[in-house]
Each structure stands twice: as C-alpha cells, then as structure tokens.
Amino acid sequence: MASWSLGGALRGMFAKPTIDATTWEDLEDALIGADFGPDLTEQIVDELHAKVDRYRTTDPKDLQRMLRETIEERLARLDPTLKLSERPAVVLVVGVNGVGKTTTIGKFARFLVNAGRTVVVGAADTFRAAAVEQLATWAERAGATVVRPQQAGQDPASVAFQTVELAKSQGIEMVLVDTAGRLQTKSGLMDELSKVRRVIEKQAPISEVLLVLDATTGQNGLAQAEAFIQHAGVTGLVLTKLDGSAKGGFVLAVQEKTGIPIKLIGQGEGIGDLTGFTPHVFAQQLVG
C-alpha cells in the first residue's frame with residue numbers, strides 16, 4: 001500500500017457498521033490531513049453528502065466507493081497523456097531548484113528509452129556546474145545522449161539550440177531540455193526561459209513544457225512555482241517524492257488549482273520509478 005494512501009486515516013471509518021455524524025467529521029479530517037485543502041475538502045464532502053442522501057445508503061462501504069469515484073472523476077477531467085508525436089518531440093523541463101528536476105529528467109529519459117525511443121538530453125541549466133554533471137550521469141545511466149555546455153555559464157539558449165540541432169541531424173526522436181530554476185544574474189528567469197523557447201521554436205515545435213513539483217512541499221511548493229505556471233506555458237505537471245509523503249490529496253488539489261494535468265509521477269529514488277499518471281489507479285491506491 002502506498003504510504004501516501006488515505007487508507008489508514010479512513011480504515012476505521014469504513015469499517016463501522018453505519019454512516020453517522022462522526023463519519024463525516026472523520027472524512028473531513030482525513031481529507032484536510034492529506035492536503036486536499038479546505039475548499040476542495042468542502043466540495044468533496046458536500047458532493048458525497050448529496051450522493052449518500054440520493055441513494056439513501058447508510059453503508060460506509062458505499063461511501064468509500066463514492067469517494068473513490070469522485071476523486072477519479074475529478075482527476076480524469078484533464079488528459080494525462082504526454083503529447084510526444086512530433087519528431088523530434090522537444091520537452092522543456094522547468095521548476096524551482098531543489099524539487100528533483102535533474103533526477104526527474106534522468107528518470108524520464110529512462111522511461112522513454114524503455115519505451116523504445118532514442119533520447120538526447122540538453123544540460124541548459126548552465127549556471128550550476130553540479131547540475132550539469134548530475135544530469136549527465138543520470139542521462140548516461142538511462143542510455144541517452146547528453147549535450148553539455150562548452151564552457152561554464154554558456155548561454156542556456158545556445159545549449160538548447162545545439163541539443164535540438166543534434167537531434168535533427170542524427171534523427172533522435174526525443175529531446176529533453178533542463179532549464180535553470182533560478183538565476184545568479186539580474187536578467188529575469190522567465191525572460192531566460194522565453195529566450196530558450198524562441199531559440200528552440202526556430203528549429204522545432206515544443207511538444208511539452210513539464211513543471212516539476214515536489215509533492216512533499218505541497219501547497220508551499222505550488223506557490224513557489226506560480227511564476228512558471230503564469231509565464232512558462234506549462235502543459236503538464238510532474239510530481240516527485242510522492243513516496244515519502246502522506247499528502248496524496250495534493251495530487252488532486254494541484255490539478256484543480258492550476259487546471260494543468262499531471263502527466264508523470266515519481267514514487268521513489270530509483271531510475272525506474274517515474275511512471276505515467278493514471279487517475280483510476282491513483283484513486284484506487286489513495287482510497288482503497
């Protein structure tokens with residue numbers, strides 16, 4: 001059972017013989033505790049109240065099923081499919097430093113290689129030498145080609161350009177571009193990202209802009225990433241560190257708040273544990 005599951009918090013409640021006043025209090029506490037946030041919690045509880053009344057049920061098992069269906073329906077409103085049909089398919093990966101962006105790109109490269117795709121990774125976070133090295137190590141482990149900056153602090157847009165250029169000349173199918181999470185210089189981070197986008201788009205369309213969020217930071221992490229959502233043209237979310245967090249509700253909360261679909265989730269430290277996101281499976285694991 002996943003450690004972010006609501007199962008523990010709800011088990012006692014669903015095991016009771018009948019739905020009573022404490023059931024609703026327990027449900028509300030469990031949802032708030034799992035980082036669904038107050039607004040979403042209230043909406044879900046109201047919705048379930050109405051369903052329980054409509055079907056005139058007093059069986060907590062029915063309530064459990066309804067909760068699972070409600071979460072799944074809400075998650076499924078947005079399409080989690082990665083749009084990678086272009087050749088090359090260029091994916092820009094953005095996010096605040098410290099969320100696991102670099103390792104996520106390595107894992108994503110492995111995910112694509114396992115699916116039979118050829119991959120090149122561009123280390124365009126040129127302001128952090130350590131990030132370049134870390135990315136190269138992960139990408140090589142994944143079986144991907146790496147394009148590194150030719151010198152420290154090289155213009156990120158030129159690294160991105162070289163990466164797409166290599167993919168086109170060698171017929172590589174997937175291009176993953178790492179970007180800076182903050183800048184040491186005065187020029188704005190979003191200006192830098194726009195420049196990277198413009199340079200890439202001269203050569204190939206951008207298929208996806210994926211924002212990496214650390215699930216353990218919950219609503220705080222979302223607030224930090226707000227600028228990316230507003231300015232970076234984000235098309236999908238990647239949630240990392242879901243394994244160490246009992247905050248499974250954040251998964252639904254973040255999608256409802258941003259209106260951006262979750263496309264990948266990371267549930268561990270290994271190179272193979274980034275997976276596509278499936279609302280049905282997630283709701284099942286969360287609610288039991």
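Trp 24 counts as buried in this model, with a relative accessibility of 12%. The model is a predicted one, and that holds for everything below. Trp 24 sits in helix 2, which covers residues 21-33. Setting aside neighbours within four places in sequence, the contacts of Trp 24 are Ile 19, Val 45, Leu 48, His 49, Val 52 and Leu 63. Take Leu 48 from that list: Trp 24 and Leu 48 are separated by 24 residues in sequence, and their C-alpha atoms are 9.5 Å apart.

Next comes the nonpolar core. The largest one has 98 residues, and the members that touch the most others are Phe 36, Phe 108 and Phe 228. In soluble globular proteins, nonpolar side chains tend to be buried together. For Phe 108, once neighbours within four places in sequence are left out, the contacts are Leu 82, Leu 84, Val 91, Leu 176, Leu 210, Leu 264 and Leu 274.

With a relative accessible area of 6%, Thr 126 falls under the 20% cut-off, so Thr 126 is buried. Not counting residues up to four places away in sequence, Thr 126 touches Val 132, Pro 149, Gly 153, Gln 154, Pro 156 and Val 159.

Then there is helix 11, which is mostly covered, with eight of its 10 residues buried. Those buried residues are Gly 249, Phe 250, Val 251, Leu 252, Ala 253, Val 254, Gln 255 and Thr 258. Just past the end of helix 11, Gly 259 adopts a positive phi of about 70 degrees.

Helix 11 (residues 249-258) also packs against helix 4 (residues 60-75), with the axes 10 Å apart and an angle of about 40 degrees between them. Angles under 35 degrees would count as roughly parallel and those from 65 to 115 as roughly perpendicular, so helix 4 and helix 11 are oblique to each other. Their crossing is left-handed. On the helix 4 side, the contact is made by Ile 71, Arg 74 and Leu 75, while helix 11 brings in Val 251, Leu 252, Gln 255 and Glu 256.

Terms used
Residues are numbered from 1 along each chain as its sequence is written. This is a predicted model: local features need pLDDT of at least 70, side-chain atom pairs count only at pLDDT 80 or more; totals for chains, interfaces and linings use all residues. Side-chain values use heavy atoms; hydrogens and water are left out. Axes are lines fitted to C-alpha atoms, for helices over the stretch in contact, and angles run from 0 to 180 degrees between N-to-C directions. Helices (H or I, at least four residues) and strands (E, at least two) are DSSP runs, numbered from the N terminus. Angles under 35 degrees count as roughly parallel, over 145 as roughly antiparallel, 65 to 115 as roughly perpendicular and the rest as oblique. A crossing is left-handed if the near helix is turned anticlockwise from the far one by less than a right angle, and right-handed if clockwise. Contact means heavy atoms within 4.5 Å. A nonpolar core is a set of buried Ala, Val, Leu, Ile, Met, Phe, Trp, Tyr and Cys residues joined through side-chain atoms within 4.5 Å. Buried means under 20% relative accessible area, exposed over 50%, partly exposed in between (1.4 Å probe, protein chains only).
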